[in-house]
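Biologist: I am new to this structure. Could you walk me through how to read it, one feature at a time?

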Amino acid sequence: MQPLNAAANWASSWGVTELAMTPWLQITGKGDLHLTVHVQPGAKTTACAGVHGDALKIRLHAPPVDGKANQALIAWLSKTLGCPQSTIELIRGQTSRRKTLNISTNQADALSRQLQTLATQ
């Protein structure tokens with residue numbers, strides 16, 4: 001029981017109040033989504049590639065140069081989820097493959113289901 005309590009304490013320190021069924025997706029106290037992704041830049045096409053450890057793996061066509069991959073990630077998520085790019089913010093991992101994004105939304109449940117469907121395709 002200790003590790004679960006430690007994880008819950010860590011999550012609450014970041015404003016996460018509800019842990020989803022997946023470790024890569026959480027719903028915050030404000031109803032936003034925190035999404036953890038593992039990015040593979042320079043791929044042939046941009047697509048979701050399932051789960052990579054405790055992160056959703058996204059293959060990006062964009063190169064990892066001058067923030068192009070970060071912008072491509074936000075653009076792809078926006079198009080895939082049907083929400084404006086302005087609602088998606090990169091909050092951690094600007095220069096690494098492992099990134100955490102905040103998605104401001106009032107439809108957290110619907111977007112959560114969409115993301116979980118993407119992970120299993």
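Modeller: Let us start with one residue. Ile91 sits in strand E6, which spans residues 88-92. Keep in mind that this is a predicted model.

Biologist: Is Ile91 buried, exposed or partly exposed?

Modeller: Partly exposed, because its relative accessible area is 29% and that class runs between 20% and 50%.

Biologist: Which residues does Ile91 contact, leaving aside neighbours within four places in sequence?

Modeller: Ile91 is in contact with His34, Thr100, Leu101 and Asn102. A pair of C-alpha atoms gives another view. Ile91 and Leu35 are 56 residues apart along the chain, and their C-alpha atoms are separated by 9.9 Å.

Biologist: Asn102 was on that list. Where is Asn102 placed?

Modeller: Asn102 belongs to strand E7, which covers residues 98-103. Asn102 counts as buried because its relative accessibility is 9%, and the cut-off is under 20%.

Biologist: What does Asn102 touch?

Modeller: Beyond four places in sequence, its contacts are Thr28, Asp32, Leu33, His34, Thr87, Ile88, Glu89 and Ile91. One is with the side chain of His34, at 3.2 Å. Another is with the side chain of Ser104, at 3.4 Å.

Biologist: Is Thr105 buried or exposed?

Modeller: Buried, because its relative accessible area is 18% and the limit is 20%. The Thr105 side chain reaches the backbone nitrogen of Gln107 at 2.9 Å. Not counting residues up to four places away in sequence, Thr105 touches Gly31, Asp32 and Leu111.

Biologist: Which element holds Gln26?

Modeller: Strand E2, residues 25-28, holds Gln26. Gln26 is buried because its relative accessibility is 8%. Its side chain reaches the backbone oxygen of Pro23 at 2.6 Å.

Biologist: How far apart are Gln26 and Ser112?

Modeller: They are 86 residues apart in sequence and 8.6 Å apart in space, C-alpha to C-alpha. Thr22 lies in the loop between strand E1 (16-19) and E2. Thr22 counts as buried because its relative accessibility is 16%.

Biologist: Now an exposed example. What about Asp66?

Modeller: Asp66 counts as exposed because its relative accessibility is 76%. Asp66 lies in the loop between strand E5 (55-59) and H2. Its backbone is worth a look. Asp66 has a positive phi of about 50°, although Asp66 is not a glycine.

Biologist: Let us step back to the whole chain. How many helices and strands does the protein chain have?

Modeller: There are 3 helices and 7 strands. From the N terminus, the order is α-β-β-β-β-β-α-β-β-α. The chain has 121 residues, of which 42% are buried. Among contacts with a separation of 6 or more, 40% join residues 24 or more positions apart.

Biologist: Where should I read with care?

Modeller: Where pLDDT is low, the predicted coordinates should not be read in detail. The mean pLDDT of the chain is 85, and 83% of its residues reach 70 or more. Residues 15-20 have pLDDT below 50, and this stretch has 17 contacts in the model beyond near neighbours in sequence. Over residues 1-12 pLDDT stays under 50, with 2 contacts beyond four places in sequence.

Key: Residues numbered from 1 in each chain as written. Predicted model: local features only at pLDDT ≥ 70, side-chain atom pairs only at ≥ 80, totals over all residues. Heavy atoms only, no water. Helix = DSSP H or I, 4+ residues; strand = E, 2+ residues; numbered from the N terminus. Buried < 20%, exposed > 50% of the residue type's maximum accessible area, 1.4 Å probe, protein only. Polar contact = N/O pair within 3.5 Å; in protein donor to acceptor, adjacent residues only side chain to side chain. Contact = heavy atoms within 4.5 Å. pLDDT = per-residue confidence, 0-100.
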